[in-house]
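Here's a quick tour for anyone meeting this protein for the first time. Take a look at the model, then read on.

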Amino acid sequence: MKAKKERCDGCKKTFDKGTLRRDDKDAALLYCPDCPKVVEQYEVRGWHKDTEEDVFSDGCQIDLGNSSGGDERWEHERLYDLITMLMAFVGTTDDAHVLLDSCDDVGRVDIQVYETITGVTACEDEMRMWRRGQIRLWLCTYIFHIEHVTREPVRLLNTTLALTYKERG
Ligand SMILES: [Zn+2]
């Protein structure tokens, strides 16, 4: 009877089933004991925010728009959880505010909310008051870019460094 074999996604050699380990939850990649640990995850580096006052009867006031941003970073091995973190940062729990690959920009996530003059996400009451012209609100678009990142240790002796430095004994 032929034993079950599995292939290592690192070195591509085959091993008996059960020998290989799995390093992350989403990608079903398997590695043998000789292959270094590989971490795959999704990352966002920095954000950008476009703000413009939206007058309910009159639309967005382009002249009054302004931009800001920051260099906060987020990372997670699951996309869904990463976007949940971004939504928490913006201050919304509503999926309808999230736009994927926005403006045909691959990996871009826009999250759009209304904010009060103090920069807090407007609640339903505040939205109602705004529609009646009682308070001012600003339409804010938070823009993020999600990247898929693979991290693995460098096999230093396979690089040109090996010509310069000694192998550790
Ligand atoms: Zn391997």
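Let's start in the loop between β8 and β9, which is where Asp-104 lies. Keep in mind that what you're looking at is a predicted model. Asp-104 isn't a glycine, yet its phi is positive, at about 60 degrees. Is Asp-104 buried or exposed? Asp-104 counts as exposed, because it has 6 C-beta neighbours inside 10 Å, and the cut-off for exposed is 12 or fewer.

Asp-101 is found in the loop between β8 (98–100) and β9 as well. Its phi is positive too, at about 45 degrees, and Asp-101 is not a glycine either. With 12 other C-beta atoms within 10 Å, Asp-101 is exposed.

## The overall layout

Now step back to the whole chain. The protein has 10 strands and 2 helices. Starting at the N terminus, the order of the elements is β-β-β-β-β-β-β-α-β-β-α-β.

The C-alpha trace spans about 75 × 50 × 25 Å along the principal axes. As for contacts with a separation of 6 or more, 46% of them are between residues 24 or more positions apart.

## The nonpolar core

Nonpolar side chains tend to be buried together in soluble globular proteins. Here, the largest nonpolar core has 17 residues. Which of them touch the most other members? They are Leu-82, Leu-86, Val-109, Tyr-142, Phe-144 and Ile-146. The largest share comes from β10, with 7 residues.

Setting aside neighbours within four places in sequence, what is Leu-82 in contact with? The partners are Tyr-42, Val-44, Trp-74, His-76 and Ile-146.

## A cysteine in a loop

Last stop: Cys-123, which sits in the loop between β9 and α2 (124–131). Cys-123 is exposed, with 11 other C-beta atoms within 10 Å. How far is Cys-123 from Gln-134? In sequence they are 11 residues apart, and in space their C-alpha atoms are 14 Å apart.

Note on methods:
Residues are numbered from 1 along each chain as its sequence is written. This is a predicted model: local features need pLDDT of at least 70, side-chain atom pairs count only at pLDDT 80 or more; totals for chains, interfaces and linings use all residues. Helices (H or I, at least four residues) and strands (E, at least two) are DSSP runs, numbered from the N terminus. Two residues are in contact if their C-beta atoms, placed from the backbone, lie within 7 Å. A nonpolar core is a set of buried Ala, Val, Leu, Ile, Met, Phe, Trp, Tyr and Cys residues joined through C-beta atoms within 7 Å. A residue is buried if 20 or more other C-beta atoms lie within 10 Å of its own, exposed if 12 or fewer, and partly exposed in between; C-beta atoms are placed from the backbone.
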